[in-house]
Amino acid sequence: MRLRPLAIALLLSSAPAIAANKPTSIAAADLETAAHLRDQALHDDTAYDFVAGITTEVGPRLAAGPNDAKGREWTIAKFHAFGFDKVWTEPVTYPKWVRRSEHGEILAPHAQPLVLAALGYSAGTPAGGLDAEVVGFPTLDAFKAADPASVRGKIVYVGARMHAHRDGRDYGIGSAVRTGGPAIASHKGAAAFLLRSAGTDDNRLPHTGVTDFTGATPIPAAALSSPDADLLERMLAAGKPVTIHLALDCGVEGEYTGANVIAELRGSKKPDEYFVMGGHLDSWDPGTGAIDDAAGVAIAAGAAKLIAGLPKRPARSIRVVAFANEESGLFGGKAYAQAHKAEIAKAVLGSESDAGADRIWKITASVKPQARDAVAQIAAVLQPLGIEYDASEPGNGGSDLSAVHAVGMAAVSLHQDATRYFDWHHSANDTLDKIDPEQLRQNVAAYVVTAYLAAQAEGDFGSKPGAWANEHE
Ligand code: ZN
Ligand code: ZN
């Protein structure tokens with residue numbers, strides 16, 4: 001039979017649509033290999049050795065700071081040693097914020113020193129510091145409602161408190177105060193901004209983190225340790241005027257160009273398509289960035305190294321990204337999304353680890369409906385690790401990869417137990433001893449299963465430009 005040209009055109013044009021509607025699936029032999037990789041991961045300390053190594057030999061990795069390049073070089077050498085087929089960098093440019101010194105004390109009614117840390121992008125105080133009266137608010141909303149006349153020229157303090165939860169949800173409260181409070185204070189004419197640290201601990205250690213002065217003039221902004229916040233609140237509650245001396249020497253000094261470090265195991269059948277996983281290489285400076293986020297890079301690298309040990313490379317490539325400067329505004333993730341958005345359909349699925357190294361308890365996914373069964377197949381291999389599949393919630397892929405997901409990559413989120421995470425996050429307590437080797441191995445097991453099966457799946461997960469634009473998370 002001879003088909004007319006129009007009929008041929010119709011057949012050809014409907015072929016991809018048929019392929020796209022075919023359910024994505026995973027072969028039984030691949031599920032078996034994944035289960036084997038999972039069990040291997042539970043006896044493998046590559047990830048722990050990575051975190052121990054970088055926290056010992058490099059230490060804190062403040063974006064644009066003295067260890068930015070050192071951390072990158074350390075990671076590049078390690079990726080080469082792990083046997084990746086290709087290791088490269090892609091440039092990322094961001095503002096260089098510098099912390100030189102910080103000091104605070106209550107002058108009246110009862111003189112007491114304060115333990116505090118400047119926030120990323122905080123302005124410095126005038127040389128010699130500033131003295132001002134404090135006006136306190138229990139919540140960000142109470143401060144938002146305040147008459148600017150009541151805070152003009154004063155130091156604003158917001159004392160919102162976070163509590164520990166497995167899903168870490170109170171970080172929404174603490175990070176909103178830290179990120180949004182200082183700019184509002186600037187708009188209202190305040191001299192400076194202080195907050196109770198966005199943390200769940202009672203240590204006398206402040207938790208730093210980024211703030212956002214977009215559209216506002218930067219002012220001095222710092223976080224008090226939780227016991228210092230209690231002290232300040234007791235004095236404020238007593239009703240006498242409270243004055244503070246604040247001296248911060250910090251601020252933005254131009255721009256810096258760092259890089260995302262990327263490593264790849266080249267796929268045997270579809271090398272242009274890949275599963276991507278990772279973490280961010282930068283950290284805040286008071287600790288050594290063990291849980292935030294050497295652990296994330298280590299989990300991805302540890303999982304990829306196990307796959308590299310298989311007799312044959314999986315069908316698709318496996319990519320590991322150690323992102324630059326997540327902390328002060330997802331710079332690495334946004335640069336990656338910009339550089340790769342034209343070929344986003346080739347990024348078949350991704351997941352980033354950025355909530356420490358405690359046990360993963362849940363997987364969620366943003367995939368096309370025809371790929372739900374394949375995610376359920378992956379979840380069945382994860383189930384012996386104590387991981388449940390919640391099909392009702394999306395998964396944005398994690399911090400930097402949320403920026404890649406936003407331009408169209410399908411994503412899964414492997415949710416870590418965050419109960420302890422915000423005790424240490426962004427503080428001097430973010431150190432190696434907080435990593436539980438057994439729980440870290442469980443993380444690697446979950447990532448190796450997900451990576452291998454996504455790379456072997458028959459069919460895709462729905463990555464295409466703008467695919468998740470209408471998703472609500
Ligand atoms: Zn992080
Ligand atoms: Zn962080």
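Entry 1: I began with Asp167, which is partly exposed at a relative accessible area of 44%. This is a predicted model, so I read every value here as computed from predicted coordinates. I then looked for a partner and found that Asp167 forms a salt bridge with Arg169, at 3.3 Å from N to O. Arg169 counts as exposed because its relative accessibility is 51%, and the cut-off for exposed is over 50%.

**Entry 2: salt bridges in general.** How many salt bridges does the count come to? I got 21. I also noted a network of salt bridges that links Arg161, Arg196, Asp230 and Glu233.

**Entry 3: Asp45 and Arg441.** I looked up this pair next, and the closest N and O atoms of their salt bridge are 2.8 Å apart. Asp45 sits in the loop between helix 2 (28-41) and helix 3 (46-57), while Arg441 belongs to helix 14 (residues 437-456), so the bridge ties together parts 396 residues apart in sequence. Are the two residues buried or exposed? Asp45 is partly exposed at 33% relative accessibility. Arg441 comes out at 19% and counts as buried, because the limit for buried is under 20%.

**Entry 4: Asp249 and Arg100.** Here I found another salt bridge, with 2.9 Å between the closest N and O atoms. Asp249 is in strand 8 (residues 243-265) and Arg100 is in strand 1 (residues 86-108), so this pair ties together parts that are 149 residues apart in sequence. I checked accessibility too: Asp249 is partly exposed at 34%, and Arg100 is partly exposed at 44%.

**Entry 5: the two domains.** I turned to the domain assignment, which gives domain 1 as 22-85 + 266-456 and domain 2 as 101-252. Their centres, taken over C-alpha atoms, are 34 Å apart. I listed the contacts and got 19 residues of domain 1 touching 20 residues of domain 2. Between them the domains bury about 1,500 Å², with 59% of that on carbon and sulfur atoms.

Which kinds of polar pairing did I find between domain 1 and domain 2? The salt bridge count there is 0, but 6 residue pairs are in polar contact, both at pLDDT 80 or more. On the side of domain 1 that touches domain 2, helix 13 (residues 421-424) gives the largest share, 3 residues. I sorted that side by class and got 8 nonpolar, 7 polar and 4 charged residues.

**Entry 6: Ser399 and its surroundings.** I picked Ser399, which lies in helix 12 (residues 399-405). Ser399 is buried, with a relative accessible area of 16%. Its side chain makes a polar contact of 3.3 Å with the side chain of Glu352. Leaving out residues up to four places away in sequence, Ser399 touches His280, Glu326, Leu330, Glu352 and Asp354.

**Entry 7: Leu330.** Leu330 is partly exposed at 22% relative accessibility. What does Leu330 contact, aside from its neighbours within four places in sequence? I noted Asn325, Ser399, Asp400 and Ser402.

Definitions and conventions: Residues are numbered from 1 along each chain as its sequence is written. Chains are lettered from A and ligands numbered from 1 in the order in which they are written. This is a predicted model: local features need pLDDT of at least 70, side-chain atom pairs count only at pLDDT 80 or more; totals for chains, interfaces and linings use all residues. Side-chain values use heavy atoms; hydrogens and water are left out. Domain bounds come from an automatic or database domain assignment. Contact means heavy atoms within 4.5 Å. Buried area is the accessible area (1.4 Å probe) that two parts lose on being put together, summed over both. A salt bridge is a side-chain nitrogen of Lys or Arg within 4 Å of a carboxyl oxygen of Asp or Glu. A polar contact is a pair of N or O atoms within 3.5 Å; within protein, one must be able to donate a hydrogen and the other to accept it, and residues adjacent in sequence count only if both atoms are side-chain atoms. Helices (H or I, at least four residues) and strands (E, at least two) are DSSP runs, numbered from the N terminus. Ala, Val, Leu, Ile, Met, Phe, Trp, Tyr, Cys and Pro count as nonpolar, Asp, Glu, Lys and Arg as charged, and the others, Gly among them, as polar. Buried means under 20% relative accessible area, exposed over 50%, partly exposed in between (1.4 Å probe, protein chains only).
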